[in-house]
Amino acid sequence: MVGAFTATATKQVQQDIIRLLRLRQPCLVKTGFNRENLFFGVQAVKKSEKEDAMLGFLARHRGESGIIYCISRSRVEEVCQTLQARGLPATRYHAGLTQEERQRNQTEFLCDRATIMVATNAFGMGIDKSNVSFVLHYQMPQNLESYYQEAGRAGRDGMPAECMLLFSRGDIVTNRFLIDRARDDGEAVDEETADLLYRRKLARLNRMVDYCGRKTCLRKDLLSYFGETLEENCGNCSCCLSGYRTVDKTVEAQKLLSCVLRIRQKGYRPAQALVWDCLRGIFSEAVTQLHLSDLSTFGLLREMREEDLNALRDVLVTYGYLSVEGTEVPILTVTQRARGLLQGQRTLSVRVPPEPVRAQTAIVVSPEQMQALKAVRTRLAKRAGVPAYVICSDATLMDLCVRRPHTREELLQVKGIGAAKAEKYGTELLAAVRQLEKHP
């Protein structure tokens, strides 16, 4: 008897499992991917604005438990230090730490002594912390499988939880670099297999980018990726709850691509900084020496800031119209695919992100009431020597606030309270509810 289990298997992955394990007429059981209590959001931000976006997000989740995922160890360290410097109870987890420190930091998070965990994808497997009320992806993951697994660590108690992804075009470059490096440092497989795996990773990365640029229901897109159909829009994602507008950037893109081509026609390999100076009409030393001010494209985008040009470049790279070689001195090359855009056969529209929105919580309970009950839960947890969520989840505390039980029988009607918990903690929980009624 062979059993294979996975949390996020596309149809392709299911077929691969069956083929690789040589299963004959296997029994395939799928429990469904839809997590209705999770709010999915994508916020497009510039790289320089990510920290502010993160802090704004955390301000909406003050006092709550959550996970912030980053791509690299260095980014984890940087983000964690930023949060700790601001007095936020954050800890970190990545493969570069010792086993002892990883275990210690994980315990701090599980016991709510550090309510924010900043981590790479090394964190999460086997973690079933019920009161995680948010997952923030500081950077875009490489694929939707990873994203959905990581986002799915929120809202295990069934309460509304927020899954937000901060997306910048630089995330594409970073992930592409990591995929290229993994290919160079990969296992000793034959070249054909290595090429196949590499192309699959790139295809999944492109699909992830497509999700980040989605203008229609995000949940419907996620479920479709995993082979499920959602008939109606979910009404609980950033696309459903806010409007988007698209801006036509065809003309600007044509000017940028034409400038790169004109410089190449003069026999030069155009560095990005040189192209930007030419487009913005700046008489830099290089522009003057190479006589680029004579080009018809000189000064065509005077009104665009450098960061706007960078953003346009990233869109063109994403759609395959432009390639960038090198990191310290990026060299720009126009691809064959760009011909249709340059000749007016294609257009380029850029999605302008709305202000971030937050999922709506159906049950309204005052923060003071929840804090009072959480204090009781913390006291019980310390006495029992277990994490707070083992005593009861936030959903249970919320139900206590709503139901206001007065007897043991009424307490047993509260979500998450069984006979054993009622016997161990019932007296103190009922006393806490009576205190709520004295001080509403």
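Figure 1. Asp 171 and Lys 50 form a salt bridge, a side-chain nitrogen of Lys or Arg within 4 Å of a carboxyl oxygen of Asp or Glu, and their closest N and O atoms are 2.9 Å apart. The pair links distant parts of the chain, since Asp 171 belongs to helix H6 (residues 170-184) and Lys 50 to helix H2 (residues 50-60), 121 residues apart; helices are DSSP runs of H or I with at least four residues, numbered from the N terminus.

**Figure 2. Close-up of Glu 428 and Arg 379.** Glu 428 forms a salt bridge with Arg 379, with 3.8 Å between the closest N and O atoms. Because Glu 428 lies in helix H18 (residues 419-438) and Arg 379 in helix H14 (residues 367-384), the pair ties together parts that are 49 residues apart in sequence. Arg 379 has 47% relative accessibility and counts as partly exposed, a class that lies between buried and exposed, the latter being over 50%.

**Figure 3. Close-up of Asp 221 and Arg 214.** The salt bridge between Asp 221 and Arg 214 has its closest N and O atoms 3.1 Å apart, and Asp 221 is buried, with a relative accessible area of 7%.

**Notes to the figures.** This is a predicted model, in which local features need pLDDT of at least 70, side-chain atom pairs count only at pLDDT 80 or more, and totals for chains, interfaces and linings use all residues. Residues are numbered from 1 along each chain as its sequence is written, and side-chain values use heavy atoms, with hydrogens and water left out.

Note on methods
Helix = DSSP H or I, 4+ residues; strand = E, 2+ residues; numbered from the N terminus. Buried < 20%, exposed > 50% of the residue type's maximum accessible area, 1.4 Å probe, protein only.
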